[in-house]
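Work through the exercises below with the sequence and the model open. Each task is followed by a solution in steps.

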Amino acid sequence: MSEERFGEFVVVRRHEQGHVAELVLDRPKAMNAVSTQMARSIAEACTALGEDRDVRVVVLTSTHERAFCVGADLKERNSFSDADLLRQRPVTRGAYTGVLELPVPTVAAVHGFALGGGFELALACDVIVADRTAVVGLPEVSVGVIPGGGGTQLLPRRVGAARAAELIFSARRVEAVEAGELGLVDQVVQEGRDREEALALAARIAGNSPVGLRAAKRALRLGQGLDLRAGLEVEDAAWRATAFSGDRAEGVAAFNERRKPQWPGE
């Protein structure tokens with residue numbers, strides 16, 4: 001496994017086998033609170049991962065024992081003028097957009113606190129695996145702002161408009177079991193196993209066609225919110241992008257020859 005550090009607070013680990021990369025939040029002294037510097041590093045790491053054709057799945061993890069990410073660095077923001085906050089906005093937005101727009105499947109491994117912007121980083125992923133210590137929520141209205149990392153748009157797409165409204169307006173925290181029941185997270189696993197289970201899921205995903213994975217993600221994302229007819233056109237375009245690829249030819253050949261595919265990735 002190789003490691004590459006982006007700034008002081010973000011690490012990318014590339015696993016030697018399986019085409020899986022970890023995007024690691026590594027600011028333990030602040031429970032991974034997202035500062036300006038950390039936001040910039042997340043965006044830079046996402047750019048690098050998105051351009052790496054060897055990566056088929058990204059897992060978002062944390063080095064802190066009791067937190068995935070507690071959201072924005074409010075200590076930093078307490079010193080900001082209005083002009084400072086305005087200048088910071090595109091930087092922080094770039095971090096959340098960076099995760100959201102990764103072209104490969106993404107899995108968040110959540111334990112402990114995932115609040116505000118921390119939960120929004122998880123929501124930007126395709127699948128959220130949480131252990132039983134997880135506590136999630138979007139408490140921004142309790143400090144005078146709104147979820148600004150995609151929460152007002154991503155949460156209703158997961159749980160519906162009314163449920164999202166209740167959670168955002170009340171600013172309440174939700175523990176793991178209820179979060180699983182409500183669909184705020186996708187899998188609830190034993191304490192301490194969120195990273196292990198997320199990596200196992202990522203390995204299963206990464207065994208599939210890289211061309212197919214990228215096209216399927218693109219169809220899923222672009223089709224959200226469209227009417228059925230328009231969504232089917234998005235799907236057809238994604239199908240055409242895979243149907244004449246080397247991966248498609250290899251997949252069919254491997255199936256008929258009863259062997260494991262050796263994906264060319266093109």
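A residue is called buried when its relative accessible area is under 20%, exposed when it is over 50%, and partly exposed in between. The model used here is predicted.

**Exercise 1. Find the buried residues of helix H5 and state how they are arranged about its axis.**

Step 1. Under that cut-off, the buried residues in H5 are Gly151, Leu154, Leu155 and Val159.

Step 2. Viewed down the axis of H5, these buried residues fall within an arc of 110 degrees, so they line one face of the helix.

Step 3. The cover over the buried residues of H5 includes helix H3 (82-100), helix H4 (117-123), helix H6 (161-170) and helix H7 (176-182).

Step 4. Take Leu154 as one case: its relative accessible area is 17%, and it is buried. Leaving aside residues up to four places away in sequence, Leu154 touches Leu100, Glu120, Leu123 and Ala124.

Step 5. Gly160 follows H5 and has a positive phi, near 95 degrees.

**Exercise 2. Determine how strand E6 (residues 106-110) is paired, and whether its residues are buried or exposed.**

Step 1. Strand E4 (residues 57-62) is joined to E6 by 3 bridges, and the two run parallel. In this pairing Val59 stands opposite Val107.

Step 2. E6 is also joined to E8, by 4 bridges and again in parallel. Here Val107 stands opposite Val127, and Ala109 has Val129 as its bridge partner.

Step 3. In a regular strand, side chains alternate between the two faces of the sheet. In E6, Thr106, Ala108 and Val110 point one way, Val107 and Ala109 point the other way, and all are buried.

Step 4. With 5 of its 5 residues buried, E6 is therefore largely enclosed by the rest of the structure.

**Exercise 3. Give the strand order of the open sheet of 4 strands and identify the strands at its edges.**

Step 1. The order is E5-E7-E9-E10, and the pairing is mixed.

Step 2. Strand E5 (67-69) and strand E10 (174-175) stand at the edges with a single partner strand each, so one side of each has no neighbour in the sheet.

Step 3. Within the sheet, strand E7 (residues 113-115) runs parallel to E9, and 3 bridges join them. Leu115 stands opposite Gly137 of E9 in this pair.

**Exercise 4. Describe the salt bridge between Arg195 and Glu22, including the accessibility of both residues.**

Step 1. The two side chains meet at 2.7 Å, N to O.

Step 2. Arg195 belongs to helix H8 (residues 194-206) and Glu22 to strand E3, so the pair ties together parts that are 173 residues apart in sequence.

Step 3. Arg195 is partly exposed at 33% relative accessibility, whereas Glu22 is buried at 0%.

Step 4. Both residues belong to a network of salt bridges that links Glu3, Arg13, Glu22 and Arg195.

Step 5. For another pair, take Glu166 and Arg172, whose closest N and O atoms are 2.8 Å apart. Glu166 is partly exposed, with a relative accessible area of 29%, and Arg172 is partly exposed at 25%.

**Exercise 5. Locate Met31 and Ala171, and state what sets their backbone apart from the general rule for phi.**

Step 1. Most residues other than glycine have a negative phi.

Step 2. Met31 is not a glycine, yet its phi is positive, about 55 degrees. Met31 lies in the loop between strand E3 (20-25) and helix H1 (36-51).

Step 3. Ala171 also has a positive phi, of about 60 degrees, without being a glycine. Its place is in the loop between H6 and E10, and Ala171 is buried, with a relative accessible area of 16%.

Terms used. Residues are numbered from 1 along each chain as its sequence is written. This is a predicted model: local features need pLDDT of at least 70, side-chain atom pairs count only at pLDDT 80 or more; totals for chains, interfaces and linings use all residues. Side-chain values use heavy atoms; hydrogens and water are left out. Two strands pair if DSSP finds at least two bridges between them. Buried means under 20% relative accessible area, exposed over 50%, partly exposed in between (1.4 Å probe, protein chains only). The arc is that of the directions from the helix axis to the C-beta atoms. Contact means heavy atoms within 4.5 Å. A salt bridge is a side-chain nitrogen of Lys or Arg within 4 Å of a carboxyl oxygen of Asp or Glu.
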